[in-house]
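Student: Could you show me how the words used for a protein structure follow from their definitions? I would like to set each value against its cut-off.

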Amino acid sequence: MVGRMRRRWVALAVFLLFLLPAGAFALNDSVARTPPMGFSTWNYFGCTGITQGNVLAVANAMTLVHAPNWEGKQISLKSAGYSYINLDDCWQAAGRNANGSPTWNTTKFPNGFPWLVDTIHAMGLKIGIYSDAGLETCQKFFGTTGHDSIDACTYQAWGFDYLKFDWCNVTHADSNQIACDSLYSSMGHWLIKADSLAYLADTAANKQHHRIVFSICDWGTYSPWLWGDTDGNLWRTTLDINTSWGSIYGNWNQNIALYSYAGPGGWNDPDMLEIGNLGTSTLATTRSQSHMDMWCICAAPLLMGNDIITMTAATFTVLSNREVIAVDQDSLGYQGRRIRTAGNVQVVVKKLLVHNPDTVDNKKYAVVILNNDSTAAAAGSIKWSDLGITDTSKQFRVRNLWLHRWLKSRSITDTATPGNADTTTLITDSLYITSIPADGTVHVLMEMGNPDSVPSVTSVRPQDNAAVAARMSVRGNAIYIPVARGTVQVFDMQGRQIASVSASQPGWYTVAGRGMVRGGTYLVRLATSAGSVSRVMAFVK
Ligand code: GAL
């Protein structure tokens, strides 16, 4: 009976597949609009420590409220933005069920996955799972080869929110870019289909789509940044990280070059965090902060890999710095660019979202200056020209994101703080930093004009709506509206309005319209105080 039902399911799935217009396979989800944040079991628990007890302890630690921070707020990792708890390798039973479906190790997970998933969800957190495109995972448990559909449907049925898909033990014939792309595409599409099938089968009145974040993990072997965006939400750009500075810096260095491939829904992934695993020396403490700065300026996924159950207050402070996390999670979704290198000192700039108007006079950047010298401190500077500003009469406000304060104005000298050497002078054409510690960073926010104030309607400058509309884009059933105070109306090709969305600030908005079909083409009208303009766009609902 069960077998017959499954066959019907598969037949229905294959039928639905043929209904899809060619080209409708663009990534269909509205997840991971900003880089995923959470915890992965691998770096700390490895293969043996991944158990129900440890996963629940991690979930508890994630929700635990700590002593008041610099803002006087009692926050938890969860309230700082971390939400996923990702099971990595070694959750599996010795083999699959007789019907081919995957199943968990019942000694490690006595209450089973549906229970575990429900429990984690009830704590307001999300949970991820792991598999491998090959015959076996890296730790020799069953891989997904030949089981994409049943694995995707099972993860969906269990309720998982995230899948990391590894690349160990693939056949020689699959060891090339085309095969790699197509194996990841297949799994990515099955994750979407599993959601569609579950949605169709659900009879609840308030049913909702449940998209699974798809993490591609071929370690950058076949340049997933070139094709991963169609299949997944993030892709590893490097080999595995470890606790050495060479590894942390090396992964970051490879990742930074790929800045142009990152954006909402598709992120470069230089691997999980080692913060908290680096020891307690002064150098290790400095490197932890640098690691955080380097990942955040790259808009990298922030997946903690340390023992968050017993971590020190200092580690919590680094992981929960909300000002630095805000740089990572900025909704514009730019990855920082290395603008300038002078000896061991590197300047990395990440443009941040500003409320309209985004003009030459109104800008916001995060800037990290890194001293990649493990023995000596160095001086460094951020020049206005690093930010593309040629008019040196412009003034910036500068905020140190670890000292949590605005530096005053020009020609001031701030007192250095240990591990955060930050004697800065704001001069006419640059911010000068007299001492960046060995392997250290200084992370500042630089604002020109008043980028955070939302202008009143009358002060909105006339804008070229056609140019603004050209910057709209669609992913899944979400649309990026690049203006503050605009309305988007969606019409079908018969001219009937089927949806409407108002923007209060630039960002991604979900479009829910009755009768919208997967891959359908619609007329999208953007209206602002400057008038309206229309574009034809394809949505995948
Ligand atoms: C590696 C992967 C690691 C971890 C490990 C588990 O291939 O890059 O992040 O998942 O497998 O076996």
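Tutor: What follows is a set of questions and answers about terms applied to this structure. This is a predicted model, in which local features need pLDDT of at least 70 and side-chain atom pairs count only at pLDDT 80 or more, while totals for chains, interfaces and linings use all residues. Residues are numbered from 1 along each chain as its sequence is written, and side-chain values use heavy atoms, with hydrogens and water left out.

Student: What makes a residue count as one of those that surround the ligand, and which are the closest?

Tutor: A residue is near a molecule or strand if one of its heavy atoms lies within 4 Å of it. There are 13 residues around the ligand, and the closest are Asp88, Asp89, Lys164, Asp166 and Asp240.

Student: How do you know which classes these residues belong to?

Tutor: The classes go by residue type: Ala, Val, Leu, Ile, Met, Phe, Trp, Tyr, Cys and Pro count as nonpolar, Asp, Glu, Lys and Arg as charged, and the others, Gly among them, as polar. Sorted in this way, the shell around the ligand holds six nonpolar, one polar and six charged residues.

Student: Why is Ser290 called buried, and what does its side chain reach?

Tutor: Buried means under 20% relative accessible area, exposed over 50%, and partly exposed in between (1.4 Å probe, protein chains only). Ser290 has a relative accessible area of 0%, and therefore it is buried. This residue sits in helix H9, residues 282-297, where helices (H or I, at least four residues) and strands (E, at least two) are DSSP runs, numbered from the N terminus. A polar atom of the Ser290 side chain lies 2.6 Å from the backbone oxygen of Asp439, and the side chain also reaches the backbone nitrogen of Thr441 at 3.5 Å.

Student: Is Trp219 buried or partly exposed, and how do you know?

Tutor: Trp219 has 21% relative accessibility, and so it counts as partly exposed. Trp219 lies in the loop between strand E5 (213-216) and helix H7 (224-231), and has a positive phi of about 60 degrees although it is not a glycine. Cys90 is likewise not a glycine and has a positive phi, of about 90 degrees, but with a relative accessible area of 0% Cys90 is buried. Its place is in the loop between E2 and helix H4 (113-122).

Student: What makes helix H5 largely enclosed by the rest of the structure?

Tutor: Nine of the 11 residues of helix H5 (residues 148-158) are buried, and therefore the helix is largely enclosed. Among the buried residues are Ile150, Tyr155 and Trp158. Gly159, whose phi is positive, near 100 degrees, follows H5.

Student: How do you know that strands E2 and E3 pair?

Tutor: Two strands pair if DSSP finds at least two bridges between them. Strand E2 (residues 84-86) and E3 have three bridges in the parallel sense, so they meet this condition. In this pairing, Asn86 stands opposite Gly128 in E3. Strand E3 (residues 126-132) is also largely enclosed by the rest of the structure, because six of its seven residues are buried.

Student: Why are E18 and E22 called edge strands?

Tutor: They belong to an open sheet of three strands with the order E18-E19-E22 and antiparallel pairing. Strand E18 (473-475) and strand E22 (507-510) are its edge strands, as each pairs on one side only.

How values were computed:
Polar contact = N/O pair within 3.5 Å; in protein donor to acceptor, adjacent residues only side chain to side chain.
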